[in-house]
Amino acid sequence: MKPPPFDHHAPETLEEALDVLARTGEDAKVLAGGQSLIPLLNMRLAAPAHLVDINRVTALDTLEATAEGVRVGALARHARVERSEEAAGVLPLLRAALRQVAHPVVRNRGTVVGSLAHADPAAELPAVLALCEGTVEAASAGGRRTIPAAEFFAGPLESSLRPGELATSAFFPAPPARSGTAFAEVARRHGDYAMAGAAALVTLDEDQRVSSAKVAYLSVAATPLVLDLTEPLGPRPPVTCDWAAAAAYARDRLDTDEDIHASADYRRHLAGVLTERTLRAAAQEAL
Amino acid sequence: MTREISLNVNGVPRTASAEPRRLLSDFLRHDLGLTGTHVGCEHGVCGCCTVLFDGEPVRSCLMFAVTAAGHEVTTVEGLGADGGMSPVQRAFSECHGLQCGFCTPGFLCTVTALLRDNPRPSEDEVLEGISGNLCRCTGYQNIVKAVHRAADLIAEERTDR
C-alpha cells in the first residue's frame with residue numbers, strides 16, 4: 001500500500017507544466033487533488049514514471065460564474081465549487097451533484113477537472129458535463145483545443161486527452177430559460193460510488209409545456225450516457241406528463257452490465273426509477 | 001532520491017528528508033515521529049489519517065509530503081492547548097465517543113473543523129460531516145453525542161470569555 005517510485009515535478013506556472021508534460025509524454029500523469037490517482041498509486045494499479053504535480057500552479061485555481069455558465073479551473077477543489085453561491089445560482093445541478101461526490105473531507109482536496117479527466121463512468125461530474133453539453137479546455141506545448149463532453153469521455157477511466165496535454169478548465173453551460181435540473185443516485189452506502197445515478201434537464205416552452213427533456217446516467221454505461229426523453233414527454237404540461245412511460249422508454253434503451261453490487265436488471269430498474277424521480281423534480285423546478 | 005521537505009506542523013517549522021513518493025501520513029509518523037495520526041486503509045476510505053491541511057480536513061494518506069511542503073498541517077497532537085485537551089477531545093472522553101481509539105485522531109480533526117465552520121450542526125449535518133470516518137467499535141451513537149457535546153463546550157468557552 002505504498003506508491004511506486006516516480007520523478008516528481010512541481011511546476012509553478014502553466015508554461016512550466018506544459019513544458020515538462022511535453023518532455024515526459026506518455027510516461028507522465030498529472031497530479032491535482034490526487035483523490036483518485038493516489039489510491040491507484042497506493043494499490044500499485046498505476047505506476048507512472050513521472051508525476052506532474054500542478055498544485056503550485058495557482059493560476060489554475062479559478063472559478064468563474066457568468067450568465068453563460070460556470071468555468072472551473074484545473075485546481076478548483078470540489079468544496080470550493082460546492083460552496084460557491086454564484087456557481088449554484090447559475091447551475092444548481094453542479095452543487096447537487098457535488099454533494100454526492102465521496103465525502104466532505106475528500107471534496108476538500110479533490111478537483112472538478114481532475115474528476116472529469118479521470119473519466120470514471122461511476123462519477124457524478126462527467127454526467128453533469130455531458131448533460132449540459134459542456135467542454136474541457138486542453139493545453140499542450142503545441143497549442144490549445146476545446147473538447148466537447150461528447151468527445152471527451154472515450155471509455156471507462158479514459159479521456160480523449162493526449163500525452164502532453166493538460167486539462168486546464170471545464171465549462172458547464174447554464175441551462176436555457178424555463179429549465180429545471182435534478183440529480184439523484186443510489187449507492188450502497190452514503191458517499192460510495194453509485195450503483196446507478198441520473199441527472200435530468202427539463203426545458204419548457206412559452207406555454208409551459210415540455211419542449212426538451214434529457215437525462216444523463218452514471219454507472220450504467222462505459223461513459224456518461226445521455227438519453228433524449230423529449231419524445232415520450234413533450235409537448236405536454238408537466239402535470240399531464242406520463243413520467244413512468246418516460247422511465248420505461250429509457251429502460252428500453254439502456255444496456256446495463258452487472259458487477260458484484262448490482263445485477264444488470266437491478267441496475268436498469270434503478271436507472272428507470274431515477275429517471276422518473278429526476279425528471280419530475282427537474283420539471284417542478286422549471287415551472 | 002530523497003529531498004528536504006519543510007512544512008509547519010502544529011505551529012512548529014519541521015524539516016525532514018524523504019522520497020517524493022512519501023505519503024504525508026507516513027512523513028508525519030516515520031520522519032517527524034508524530035504517531036498520533038493513524039493509518040488504516042491507505043486508500044482514502046477509513047478517514048483515520050485525517051489531518052488539518054491549511055485548516056481544512058484532508059486524508060493525509062492521499063497526499064504526498066512533497067505536495068504539502070510549505071503548508072501548515074495540524075495533527076491530533078496539535079489540537080489541545082496549554083497541555084490540556086481541546087473541547088472536542090474532552091467531549092469524546094466524556095461521551096465515551098471511542099473504544100479502541102484507532103479511528104479517534106481522524107474523527108477529532110474532522111469534527112474540530114466541522115464545528116469551526118458550523119458551531120451548532122443539526123443531527124443530519126453531523127452525520128454528513130463524519131460520514132467519511134469509519135469506526136468499527138462504537139456504532140457511532142456516542143460519537144454523534146460527542147459532537148453535539150463538543151458544540152456545547154465550545155459555546156460555553158466562548159461565553160466564559
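## Terms and model

Two strands are said to pair if DSSP finds at least two bridges between them. Helices (H or I, at least four residues) and strands (E, at least two) are DSSP runs, numbered from the N terminus. Strands of a sheet pair through backbone hydrogen bonds, either parallel or antiparallel.

The model is predicted, and local features need pLDDT of at least 70, side-chain atom pairs count only at pLDDT 80 or more, and totals for chains, interfaces and linings use all residues. Residues are numbered from 1 along each chain as its sequence is written, while chains are lettered from A and ligands numbered from 1 in the order in which they are written.

## The parallel sheet

In chain A, three strands in the order 1-3-2 make up an open sheet with parallel pairing. Its edge strands, strand 1 (7-9) and strand 2 (28-31) of chain A, each pair on one side only.

Three bridges join strand 1 of chain A to strand 3 (residues 50-53) of chain A in the parallel sense. His8(A) has Leu51(A), in strand 3 of chain A, as its bridge partner.

## The antiparallel sheet

Five strands of chain A form an open sheet in the order 4-5-10-6-7, with antiparallel pairing. Strand 4 (63-66) and strand 7 (143-148) of chain A are at the edges with a single partner strand each, so one side of each has no neighbour in the sheet. Here the twist averages 15° from one strand to the next.

Technical notes
Axes fitted to C-alpha atoms, helices over the stretch in contact; angles between N-to-C directions.
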